[in-house]
Amino acid sequence: MPLLINMTLYIVREAVKLWRKIAMETCVELQIFMEKWKLLLAGLFFQYVHGVAAHGIHYLHRPGPILHDLGFSLLPEIGPDKAYVSEIFFSVIFFSFILWTFYPFIYHSKRFYTVLLWRRVLAILVTCQALRIITFYSTHLPGPNYHCRKGSKYATLAPPERILDLFLINVRGVFYGCGDLIFSSHMIFTLVFVLTYYKYGSKRFIKMLAWLMAVIQSLLIIASRKHYSVDVVVAWYTTNLVVYFIDTKLTEMPDRSNGNQPLLPLVAKEKESKSDETHKLLNGNSVNELDWVNIFNMK
C-alpha cells in the first residue's frame, strides 16, 4: 500500500511538472506565432495550391508505354498488392518528424523554437513545390504507376464539368493521381525533414538512421513504380540546393541549447517590450529560461 501511494504521488508530481513545461513553452511559442502566423498560414495554404496543381495535371495525363528506366531494370517490382509498403514507410518518417518538432514542449533541453522551425520548413517546402509544379507542367510523362497505365480507369480523368471541379481535391485523387512526376513530392518531404533534423537534431545515431531511411524510401518509390528514377534523382539534388539557398537567405534560428539564451528570441522580445503586462507575465524581470526551470523545480 505505501508503495502504491508513493508511486501515485510520483506520477502526480511528474504530471504537474510536465504541465508546467507545456504551459510555459506554449506561452513562449504563442508570442512568436502571433508575429509569424501570416507566413505559416501562407505556407499551409500553398500545400492546398500544390494539391490543386497535382489534381490539374491528372486531367492532362495520357497513359502510354512506360519509359526505359535504369532503376526499373535494377530493382524488381514490389507489385500492386504491396504498393502500401512505401506509403507506410513514408508515414513513419512524416509523423516522427512532426512529433520531434514539438519536443521543446516536453523536455528541458531545447535547441529551437517550434514556430520558427516550421517557418523554415514551410519556406523550403513551398520553394521545392513551386519548382515541382513548373517542372511537371512543362513536360507530361506517362505515369509508371499501376493505376496510371493503359486500361486503368484511373489513368485519365474526364474533362471537368465545372470550374469548381478543378479546385476540389478528393481522397481518390490523393492516392490515384497521375502526371505529377518530376520530381517526387514524397522525396521532397523526406529530404526536407532529414536535412532539418540533421541540422537541429542532437542524436547522432538518429541522424545516420534518417539518412538511411531516406535512401530506403527512394528505393521503395522506384520499386513500387510510383516514380521514374529521374524523379527521385532530381528531388535529391534540387531539395538539397533549395535548403542551402534558404539557409543563406533566412536568418539563423537562435540556439536554445545555451543556458544563457533568452526565453524569447530578440525580435519577439522587442515587440514584447511594448506591452508591460505581457512582458511581466512571460519574462518577469528579464528572466531567462534557466530561471523559469529553477522556479518550477523549487515548487
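Ala, Val, Leu, Ile, Met, Phe, Trp, Tyr, Cys and Pro are counted here as nonpolar, Asp, Glu, Lys and Arg as charged, and the others, Gly among them, as polar. In these terms, the lining of the second largest pocket in this predicted model comprises 14 nonpolar, five polar and three charged residues. The pocket holds about 490 Å³ of space, and of the 22 residues that line it, Ser96, Phe97, Trp100, Tyr197 and Ile206 lie nearest its centre. Two or more lining residues are contributed by each of α3, α6 and α7, with the largest share, five residues, coming from α3.

Of the 299 residues in the protein, 43% are buried, and among the contacts between residues at least 6 apart in sequence, 83% join residues that are at least 24 apart. According to the UniProt record, an unreviewed entry, the annotation "transmembrane region" covers residues 39-60, 83-105, 117-137, 174-198, 205-222 and 228-246. For residues 228-246 the corresponding values are 95% helix and 0% strand, with the end C-alpha atoms separated by 27 Å.

The largest nonpolar core contains 45 residues, among which Trp100, Phe112, Val121, Ile124, Leu125 and Val192 touch the most other members. Two or more residues are given to this core by each of α1 (2-60), α3 (84-101), α4 (114-138), α6 (185-200), α7 (204-223) and α8 (229-249), and the greatest contribution, 10 residues, is that of α6. Another core, of five residues, lies apart from it and includes Ala53, Ile57, Ile133 and Phe136. Within the largest core, Leu125 is one of the residues that touch the most other members; when neighbours within four places in sequence are left aside, Leu125 is in contact with Gln47, Ile188, Phe189 and Val192. Trp100 belongs both to the group touching the most other core members and to the residues nearest the centre of the second largest pocket.

Threonine 114 lies in helix α4, and its relative accessible area is 4%, so that this residue counts as buried, the cut-off being under 20%. Its C-alpha atom is separated by 9.5 Å from that of tryptophan 100, a residue 14 positions away along the chain. Not counting residues up to four places away in sequence, threonine 114 touches Glu29, Thr101, Phe102, Pro104 and Phe105.

The peptide bond leading from isoleucine 182 to phenylalanine 183 is cis, with omega near 0°, and phenylalanine 183 is situated in the loop between α5 (171-175) and α6. Arginine 225, a residue other than glycine, has a positive phi, near 60°, and is placed in the loop between α7 and α8. With a relative accessible area of 5%, arginine 225 falls under the 20% cut-off and is therefore classed as buried.

How values were computed. Residues numbered from 1 in each chain as written. Predicted model: local features only at pLDDT ≥ 70, side-chain atom pairs only at ≥ 80, totals over all residues. Heavy atoms only, no water. Core = buried A, V, L, I, M, F, W, Y, C linked by side-chain atoms within 4.5 Å. Buried < 20%, exposed > 50% of the residue type's maximum accessible area, 1.4 Å probe, protein only. Helix = DSSP H or I, 4+ residues; strand = E, 2+ residues; numbered from the N terminus. Contact = heavy atoms within 4.5 Å. UniProt positions renumbered as here; feature names shortened; annotations may be inferred. 1 Å grid on protein atoms, 1.4 Å probe; cavity = no way out; pocket = protein on both sides within 12 Å on 5 of 7 lines; lining within 4 Å. Points joined across faces, edges and corners; volume = space filled by probe spheres on them.
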